[in-house]
Every structure is written in structure tokens, then in C-alpha cells.
Amino acid sequence: GAAAGGEAARLLESAGRRYDRGDFAGAVADYRRSLALRPGAPGYVGLARALYDANQSAEALGALDAARRADPGYPPTYLLLGEIRQAGGEAGPARTAYRRFLALQPAGTEAAAVREILAKQLP
């Protein structure tokens, strides 16, 4: 109910603060607690970013799969997926993820950065 939603939101904020401090393990724990109360794409993407930055790429990709299932139209999912695939040397999957991001969010600074990546790094 509303109480669970409020606690989930509080945990998401706490996870973001922990992530910003570089406490990836603490962020992962808070994201997981938040998602247990209220699953959603923003929480899964946050979890994926914290896992990836904690050098847990496979788990990060699993969290992004969950984000896609929760909301296939959430642009940050595809932005992070592109970053992870590109960093892993997987040009094709990176291109696909970045193009999906641009289809969902064609304007803004992130979109401009993605266009530059596609033009210069993943032609």
C-alpha cells in the first residue's frame, strides 16, 4: 500500500545517496530492499548501475533485463545497456541499445552524447 510505496521511495533516495558516495554495496542493498517493496524500472536501472560499478557485470545485465520487463519504454535502461555492452567490446549489442534509447528519448544532452558515440566510436 501507501506505506510500502513511501518506504520504497525512501530506500531509492538512500540508494542514490550511497551510490553518489561510492558505497556501491550499500546502494545495491537499498535498491534490492526498495525493489522488494515496489518493483520498477528506475530501481532496477539504479541497481544495475551500482552492480556494474561494483564489477558485477553479469548481475547488472540481469537487473537491466528486469527493468525491460517492468517498463520496456524506460530510456535509461537502454542507455546503461549500451554503456555496458560498449565497455565489454560488444559493438553490435551496444549500437542496438543506443538506437533504442534514441528512439525513446531523441532530445537532450544524453541523446546528443549517444549520437556522438554512434558516429565516432560505433560507426
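**Asp30 and Arg18**

I started with aspartate 30 and found it in a salt bridge with arginine 18, where the closest N and O atoms are 3.2 Å apart. This is a predicted model, so I keep in mind that side-chain atom pairs count only at pLDDT 80 or more. Next I looked up where the two partners sit. Aspartate 30 belongs to helix 2 (residues 24–37) and arginine 18 to helix 1 (residues 2–20), so their bridge ties together parts that are twelve residues apart in sequence. Is aspartate 30 buried or exposed? I get a relative accessible area of 2% for aspartate 30, so I put it down as buried. Arginine 18 comes out at 26% relative accessibility and counts as partly exposed.

**The rest of the salt bridges**

How many salt bridges does a search of the whole structure find? I noted eight.

One of them joins the side chains of arginine 68 and aspartate 65, at 2.5 Å from N to O. I checked their place in the chain: both lie in helix 4 (residues 57–70), three residues apart, or about one turn of the helix. Arginine 68 is partly exposed at 29% relative accessibility, and aspartate 65 is partly exposed too, with 32%.

Then I went to glutamate 116, which forms a salt bridge with lysine 120; here the closest N and O atoms are 3.4 Å apart. Both lie in helix 7 (residues 109–120), four residues apart, again about one turn of the helix. Glutamate 116 is partly exposed, with a relative accessible area of 46%, while lysine 120 is exposed at 62%.

I also looked for bridges that share partners.

**A closer look at helix 7**

I stayed with helix 7 and checked its length.

Which residues of helix 7 are buried? I listed Ala111, Val114, Ile117 and Leu118. These cover an arc of only 120° around the axis, so they sit on the same side of helix 7. On the other side I found Thr109, Ala119 and Lys120 exposed.

Notes:
Residues numbered from 1 in each chain as written. Predicted model: local features only at pLDDT ≥ 70, side-chain atom pairs only at ≥ 80, totals over all residues. Heavy atoms only, no water. Salt bridge = Lys/Arg side-chain N within 4 Å of Asp/Glu carboxyl O. Helix = DSSP H or I, 4+ residues; strand = E, 2+ residues; numbered from the N terminus. Buried < 20%, exposed > 50% of the residue type's maximum accessible area, 1.4 Å probe, protein only. Arc of directions from axis to C-beta.
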